[in-house]
There are 2 protein chains.
Amino acid sequence: MRMSRYFLPVLKEDPAEAAIVSHRLMLRAGMIKQSSAGIYSWLPMGFKVLRKIEDIVHEEQQKAGHMPMLMPTIQSADLWRESGRYDDYGEEMLRIKDRHDRDMLFTPTAEELITDIFRSHVSSYKDLPLTLYQIQWKFRDERRPRFGVMRGREFYMKDGYNFDLTKEDALHAYNRHLVSYLRTYERMGLQAIPMRADSGPIGGDDTHEFLVLADTGESEVFYDSAVTDLTFGDREIDFDDKAQCQSIMEEFTTKYARTDETHDEAVFNEVPEERRRTARGIEVGQIFYFGTKYSDAMNAKVQGPDGKPVAVHMGSHGIGVSRLLGAIIEASHDDKGIIWPEGVTPYHAGIVNLKQGDEEADAACEQLYKELTAAGLEPLYDDRKERAGGKFATMDLIGLPWRITVGPRGLKNGVVELTSRKTGESTEMTPAEAVARVKDIYAGA
Amino acid sequence: MRMSRYFLPVLKEDPAEAAIVSHRLMLRAGMIKQSSAGIYSWLPMGFKVLRKIEDIVHEEQQKAGHMPMLMPTIQSADLWRESGRYDDYGEEMLRIKDRHDRDMLFTPTAEELITDIFRSHVSSYKDLPLTLYQIQWKFRDERRPRFGVMRGREFYMKDGYNFDLTKEDALHAYNRHLVSYLRTYERMGLQAIPMRADSGPIGGDDTHEFLVLADTGESEVFYDSAVTDLTFGDREIDFDDKAQCQSIMEEFTTKYARTDETHDEAVFNEVPEERRRTARGIEVGQIFYFGTKYSDAMNAKVQGPDGKPVAVHMGSHGIGVSRLLGAIIEASHDDKGIIWPEGVTPYHAGIVNLKQGDEEADAACEQLYKELTAAGLEPLYDDRKERAGGKFATMDLIGLPWRITVGPRGLKNGVVELTSRKTGESTEMTPAEAVARVKDIYAGA
């Protein structure tokens with residue numbers, strides 16, 4: 001993409017309405033624009049990152065054997081009456097009457113609808129196990145939306161639902177989700193720690209929240225510092241292997257890590273004192289096993305191996321896709337702007353032309369642009385007639401991990417400069433070396 | 001994907017509620033399930049095709065230089081009051097009150113919101129031309145939703161908006177959209193004919209609808225049969241080249257082709273009689289140039305080259321993404337089921353094992369599955385213990401363009417059978433040849 005053609009409305013001033021850094025930076029970097037309280041448009045740069053995060057979630061869910069589908073945003077109130085949640089949900093549910101005066105709502109979650117789909121089409125234990133998921137817009141009519149996309153009203157969420165014959169199978173589905181989530185977050189450059197949590201309005205006994213440590217987090221968390229040493233890395237996972245998934249679940253959840261809702265001072269005090277930590281965390285996902293809560297209420301049964309009807313064991317599993325943009329920025333920025341992890345960066349490298357209009361500099365930039373594109377990468381070329389300082393400030397603000405700076409002086413010596421956004425370190429090298437270096441960096445990502 | 005693990009709830013019986021073939025086949029092939037009147041869930045197979053169509057639209061729009069973004073589904077009524085459409089829109093608009101009793105609505109289209117984004121961020125003619133688009137869920141509260149996804153209430157639409165300094169530039173944007181749409185539909189195996197149309201509630205003088213000829217179409221159309229001989233093919237397009245886009249626009253719109261709304265008997269009668277056709281058509285897209293209608297109403301001006309403020313010239317351009325699934329099926333099916341064009345098929349080839357459990361047949365199927373997958377293709381392997389007739393009927397119903405049939409008898413002679421869904425023609429060949437053949441077929445797609 002060439003900056004001269006891009007719609008990237010960066011703001012020079014800090015917007016007054018933004019109380020936290022991710023909100024401020026997303027507005028300043030021209031990623032989002034508020035359209036109503038807690039409701040945002042995603043401008044091209046914001047949409048590009050949103051889509052990258054969505055793609056990672058899709059890939060990891062499908063590796064785990066879960067099937068993508070899509071449920072509508074507007075649903076009938078009837079199913080929600082069947083489960084009893086229509087009245088329970090309170091004012092956060094956006095209730096709607098259609099032209100025929102029927103009660104509808106904007107889906108805040110989809111346990112009821114997916115259970116209805118299941119009971120309509122699945123009648124035998126032979127069709128189990130089954131895990132379906134979607135990435136779809138949700139709405140929760142927060143009384144006081146704030147923090148940009150972190151606590152918006154309309155938000156993009158991955159929600160997955162497993163259907164299993166036994167509790168044991170459903171707990172395997174739970175573990176499968178936990179494992180796939182660990183990898184998902186790491187690919188985005190995030191450490192998200194699974195913490196024992198409270199089930200809230202979804203219901204159920206077993207639940208973990210995934211939290212990213214950040215000062216601006218909404219939850220107080222308590223943990224054994226040893227959990228932050230755990231990394232998932234490139235493990236080969238067989239998602240059908242119950243023992244393997246179980247052992248990874250245990251590895252990542254045995255050490256103390258809880259939100260304030262489930263915090264237990266006595267158990268926490270068993271952690272060696274030097275490893276006890278209190279911090280704040282941003283919730284970026286949650287997994288639940290809730291047994292037969294919905295299948296009982298909505299009569300979702302299959303014929304078991306002995307011919308008798310069995311209520312299926314279920315769980316639901318969410319990732320806050322739009323919220324993740326905020327969480328990633330909270331975890332990765334400095335006073336100049338965003339620092340995108342390579343896994344989710346909107347463009348792989350920026351090209352800054354120090355002297356637009358200089359024949360050699362223009363040609364060198366075009367060549368870099370062409371070669372990076374040919375390598376399957378997406379460069380963002382700042383080809384505007386602006387002074388270098390302004391171009392650097394924009395690049396730092398929008399946070400691409402790598403910048404190639406091209407100017408007449410360097411080109412006289414046959415070199416350009418490759419700069420890391422994270423460390424600020426610059427290295428001179430030939431344009432060909434810069435291309436090779438950037439290709440190498442992303443080859444593993 | 002292995003059928004034994006797939007969620008593909010095919011129906012044996014014709015559903016009573018389906019009045020047209022695409023609706024019937026989408027229900028029978030387990031692609032969609034109605035959740036309320038005119039509102040559908042997209043089951044895994046339906047979602048997969050929806051996503052393929054969405055991807056094609058994204059690719060072709062970006063080739064044309066248009067920038068993807070995303071606007072929210074729930075919008076404030078205020079902007080719609082500013083344009084005057086809040087009252088005009090009537091009962092098809094889904095109106096909502098949030099918890100603070102503010103008037104909101106579910107977006108049926110987004111001229112107002114995009115114009116607001118534009119006027120907030122763009123102030124100079126130097127930032128033009130600009131074309132932004134989104135693919136987002138829309139809602140129109142049809143009084144009598146019918147025909148499945150063809151006239152649903154919640155539907156997925158690509159809507160794009162151009163902002164230009166002059167009428168001439170805006171007409172180039174119009175032509176660019178026309179050209180990119182021609183290629184988009186052809187990639188989906190559709191002939192969609194641009195026809196002079198009526199602008200309806202969007203407003204404006206210049207507008208073409210894209211129509212797919214089909215007996216079940218909602219519009220009566222009149223055309224010179226010579227328009228159906230035009231094909232877009234693999235032309236190299238420079239979307240910045242005004243003359244090239246203009247000449248393609250003329251090539252595809254000069255011959256008589258109109259909907260009943262703009263039909264002119266006198267002009268039609270100038271077409272040689274043997275080429276005059278009357279038929280029915282399904283609308284799958286529409287492009288508009290409406291000048292300064294919204295920029296005047298909403299004060300969207302830029303500073304022109306002479307320093308004076310100029311209201312921008314705009315147009316909007318839509319593709320009915322979810323509706324396209326219905327249109328493709330209406331145009332491509334037989335009495336056994338769907339016949340997917342190769343560009344949008346959910347899986348590239350089906351593998352039917354005639355004798356599940358037979359050691360050699362199972363091994364040959366696994367090998368085919370492995371090799372097709374390694375080639376970057378997605379096979380659907382029917383590995384269920386079912387009789388061959390049932391497997392064939394399912395494959396015909398879901399309509400994958402190619403089927404590889406594997407049985408012990410053929411394998412004795414070292415062959416499998418490759419069958420075209422469209423022609424029914426079968427050819428025996430070695431498994432390696434079948435893989436090479438299928439790879440070849442999709443290499444060009």
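I began with the salt bridges between chain A and chain B (a side-chain nitrogen of Lys or Arg within 4 Å of a carboxyl oxygen of Asp or Glu) and found twelve. One that I looked up joins A:Glu54 to B:Arg51, with the closest N and O atoms 3.0 Å apart. Helix α2 (residues 44-63) of chain A, a DSSP run of H or I with at least four residues, gives the most to the side of chain A that touches chain B, with seven residues.

I noted that this is a predicted model, in which local features need pLDDT of at least 70 and side-chain atom pairs count only at pLDDT 80 or more, while totals for chains, interfaces and linings use all residues. Residues are numbered from 1 along each chain as its sequence is written, chains are lettered from A in the order in which they are written, and side-chain values use heavy atoms, without hydrogens and water.

Next I took the extent of the chain contact (heavy atoms within 4.5 Å), to which chain A and chain B each give 61 residues. The buried area (accessible area, 1.4 Å probe, lost on putting two parts together, summed over both) is about 4900 Å², with 61% from carbon and sulfur atoms. A:Phe7, A:Leu70 and A:Arg99 lose the most area in chain A, together 15% of what that side buries.

How values were computed
Helix = DSSP H or I, 4+ residues; strand = E, 2+ residues; numbered from the N terminus.
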